[in-house]
Amino acid sequence: MNRYVLVTGGAGYIGSHTVVALHQQGFVPVLVDDFRNANAIVLDGLEFILGQQPIVHRIDVCDKIALSTLFEQYAFDGVIHFAAYKAVGESVEQPLAYYHNNLVCLINVLSLLEQYQVPNFVFSSSCTVYGEPKGAKEVSEQTPKQLPESPYGYTKWMGEQIIADFYKSASHLKLMNLRYFNPVGAHPSARIGEFPIGKPNNLLPFVTQTAIGKQAKLTVFGNDYPTRDGSCIRDYIHVVDLAEAHVAALTFLADQKEGLLEAVNIGTGRGTSVLEIVEAFERSTNQSLPFEIGPRRAGDVIEIYANVQKGQDLLGWKARLSIEDAIRDAWAWEQFLATL
Ligand code: WQD
C-alpha cells in the first residue's frame, strides 16, 4: 500500500531534502511546485539521489482547482506544506505578494485537507514567531510568541493562527507546526542544496559564494551587539536534520488516534555567532574568506536558539549533524554548482 505524501514547494531547498528523507523512510513523496522559486536542476539531483525520478506536478498551490486534481488522484496519508515566499527583506518591499501567496496557498491546502479528509498535516513555520526573545535567548514552544518584525514573519505568525482556528473546526485532524531555526548546508551528495536566486540574503550561501568568487566580500552586519563576540547568534541546523524532522513529525501524527495540534522547535539547541561561522568555514575548508564589518541590518534579532526538549520527547528526534558538517556540505554544493 503506497503511503503518498503531498510535498508542496517540494522543489525548494527544504522541500527537496524532505522528498529525499520521505523516500528513504518508505513514503511516496508527491512533489508539487510551480518552480517560480526553484530551479529544475533539483529534479536531476533528486533522480541521482533517489535512483529514480520523483513524482512531480507543476502546479501553483494558489490555484485551488488545479491543486484539487492531486487530491482526486492520490489518497494522501499526509501533507507537508512548504510552498511560500521566505525572504525577510523582500517581504518588506513586496508585502501584498507575500500575504497573498503565503496565506492563500495555506488556506487552499487546509480546505482540501478537510474536503478529502487527509488526516496528517505538517506546516513549515519559523522561529521568527518568537521575535527578539525578551528574557532567555533559548526559546521553548512555551515562550510567548511576539509580533514579528516583517511581513514574512507575519505570514508565519498568521499561518499558525489560521491553523489554530481551522483545528477548532476540524479537531479530528492531526496538525503540527514545525518552527525552524536557521536551515543551512546541503545534501552530502552535493546534488541538491540551497539555490538562491540573485544575491543571497542568508549567511551561509553568501559565505560559500564569496569563497568561490561569485561575491567579492562578505559583510558581517554588525559586531557591536551584546553577545560573546559582538556578532548575532543563531541556531544553525543542517537541512538534512531538518528534513528528517519532518518525517519524524509525520510518523508521529500518523500514529496518533485522536486529533491534535502541536508546535515543535526544530533546531540544534546551540547558538553560533556570525564570526564563529566565518572562522568555522575557513577552518573546515581551508578557504580564506574576505570579509568586512559593516553596519547592523534592520530587523535582525540579536540572539536566539532553540530549546529542543519537546522534539526529543514527542518525536524522538534530535539533530545529529554539526555546523562543520553543514559547512562542508554547503561548500561541496557550491563547488558542484560551479561545474555547471
Ligand atoms: C543570519 C545572521 C545576519 C548575511 C533566516 C531566514 C528566515 C527564517 C530565520 C526560516 C544574521 C548575518 C547574513 C550576510 C551577515 N528561517 N548575515 N551577512 O536573518 O536569521 O533569518 O532564518 O523560516 O526565513 O531568513 O538568517 O542567514 O539572513 O542571517 O552578517 O551577508 O547572519 O545579520 O545575524 P536570519 P540570515
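The text below treats the ligand shell and the salt bridges of this predicted model.

**Ligand shell**

The ligand is surrounded by 20 residues, the closest being Y152, L203, R234, R297 and D300. By class, this shell comprises 11 nonpolar, 5 polar and 4 charged residues. Strand β9 (218-221) and helix α7 (203-212) each supply at least two residues of the shell, and β9 accounts for its largest share, with 4 residues. Oxygen atoms of the ligand lie 2.7 Å from a polar side-chain atom of R234, 2.9 Å from an N or O atom in the side chain of N182, and 3.5 Å from a polar backbone atom of K86. Taken alone the ligand exposes 690 Å², of which the protein buries 91%.

**Salt bridges**

| Pair | N to O distance |
|---|---|
| K145 and E160 | 3.1 Å |
| E262 and K310 | 2.7 Å |
| R283 and E324 | 3.6 Å |

K145, in the loop between β6 (138-139) and α6 (151-169), and E160, in helix α6, are 15 residues apart; K145 is partly exposed at 34% relative accessible area, whereas E160 is buried at 4%. Because E262 lies in strand β12 (residues 260-266) and K310 in helix α10 (residues 309-315), their pair ties together parts that are 48 residues apart in sequence. E262 is partly exposed, with 26% relative accessibility. R283 belongs to helix α9 (residues 274-285) and E324 to helix α11 (residues 323-337), so this pair ties together parts that are 41 residues apart in sequence. R283 counts as partly exposed at 46%, and E324 counts as partly exposed at 33%. Salt bridges that share partners also join D34, R36 and D60 into one network.

Conventions
Residues numbered from 1 in each chain as written. Predicted model: local features only at pLDDT ≥ 70, side-chain atom pairs only at ≥ 80, totals over all residues. Heavy atoms only, no water. Near = heavy atom within 4 Å. Polar contact = N/O pair within 3.5 Å; in protein donor to acceptor, adjacent residues only side chain to side chain. Areas by Shrake-Rupley, 256 points an atom, 1.4 Å probe, with all protein chains shown as cover. Nonpolar A, V, L, I, M, F, W, Y, C, P; charged D, E, K, R; others polar. Salt bridge = Lys/Arg side-chain N within 4 Å of Asp/Glu carboxyl O. Buried < 20%, exposed > 50% of the residue type's maximum accessible area, 1.4 Å probe, protein only.
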